[in-house]
Amino acid sequence: MTVPILRFNFASPDGDPATRHEIISAAMELAEWGDRRGVAAVSIDEHHVTGHGWSSNPVMAAAMFLQRTENLFLSIDCALGPLWNPVRLAEDIAFVDTVSGGRLHTTVGLGYREVEYGALGVDFSQRAPLMDHLLRTMLAAWSGSPIVEHDPTARLASATWSKPHPPLYVGGGVRATARRAVRFGLGLSLPAHQPDLARYYQELCGQAGIEPLLIMPAPVNRGMVYLCEDPDKAWHEFGSHILWEAVTYGAWSRDRALSSMHLPGVQSLEEVRSSGRYRFLTPDQLVAEVRDCPDYGALVLHPLVGGMPIDEAWNSLQLLTDDVLPRLA
């Protein structure tokens with residue numbers, strides 16, 4: 001099964017407001033186009049004080065995308081849980097859940113950049129107990145329980161649109177993450193293909209008597225795809241946009257890969273290209289690749305990477321919707 005996904009983070013090297021305006025506007029239009037032509041989801045994330053206009057409020061962005069679309073779902077991958085006020089996040093997600101008719105899926109994670117915690121005045125060393133408090137409070141709020149002690153009227157609402165609550169997953173790649181997901185009866189979203197951790201989570205679910213809900217990337221990491229007619233020419237003309245993002249994102253943690261798209265310490269375009277995390281392909285190459293792999297999984301386009309020219313982003317998406325997807329159907 002192949003799941004076409006568009007990824008956006010709104011970032012560009014200078015973070016110029018005019019550039020961001022163009023990127024955000026283009027992202028909405030690309031999502032709207034894809035929504036009517038087989039794109040299954042839009043994925044956005046959360047980072048702070050990057051200096052580059054990186055998406056900092058994924059719930060707000062989710063509302064914008066979902067208001068412009070009718071079919072696709074929006075996946076927050078992920079919200080930095082301990083940096084949010086629990087009641088505020090519960091309220092905001094419940095609002096978007098209702099507006100979209102249940103098309104918002106949210107993963108919450110701890111994050112790893114201490115500068116983000118410092119900028120928002122949150123103690124980085126307390127992120128685990130803060131996450132537990134967040135999940136406990138959100139689930140209680142969505143259940144209709146009073147939020148303020150001794151005040152039965154202090155509730156979000158009688159219920160949420162999605163039952164028993166908006167789709168919520170705990171994100172991370174260690175055993176403590178799996179235990180936290182089971183403790184709160186939530187799904188687990190893994191950042192990479194980790195079958196041992198997936199089995200551990202499923203075993204814990206069995207012991208707790210709950211149904212496992214697991215999100216895990218496919219065995220082969222196929223990175224993010226950019227469709228074009230001439231891959232070598234595209235790398236020459238547009239590779240600098242990809243290199244900027246790969247170097248910027250890779251520098252946030254140099255010791256180990258923290259997601260399937262993370263390239264710690266990468267510096268050169270040759271390294272990025274050989275990693276397979278970002279790939280220019282022709283439509284024929286992509287169709288052949290998908291047909292050869294029944295469990296292909298997510299087909300991720302990141303069309304506006306690093307301030308990619310908007311015309312090129314449209315070219316990539318239209319090759320997907322007008323050429324690739326009809327042949328795969």
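Predicted model: local features only at pLDDT ≥ 70, side-chain atom pairs only at ≥ 80, totals over all residues.

Visitor: What makes strand β6 a partner of β5?

Guide: Two strands pair if there are at least two bridges between them. β5 and strand β6 (residues 187–189) have 3 bridges, in the parallel sense, so they meet the cut-off of at least two. Within this pairing, G171 stands opposite S189 in β6. Strand β4 (residues 104–109) is also joined to β5 by 3 bridges and runs parallel to it, with T106 opposite L168.

Visitor: Which residues cover the two faces of strand β5?

Guide: L168 and V170 lie on one side, Y169 and G171 on the other, and all are buried. In a regular strand the side chains alternate between the two faces of the sheet.

Visitor: Why is the contact between R327 and D323 called a salt bridge?

Guide: The N to O distance between their side chains is 2.9 Å, and the definition asks for a nitrogen of Lys or Arg within 4 Å of a carboxyl oxygen of Asp or Glu. The contact therefore qualifies as a salt bridge. Both residues lie in helix α11 (residues 310–328), 4 residues apart, about one turn of the helix.

Visitor: Why does R327 count as partly exposed?

Guide: Its relative accessibility is 32%. Buried means under 20% and exposed over 50%, so R327 falls in between and counts as partly exposed. D323, at 26%, is partly exposed as well.

Key. Residues numbered from 1 in each chain as written. Heavy atoms only, no water. Buried < 20%, exposed > 50% of the residue type's maximum accessible area, 1.4 Å probe, protein only.
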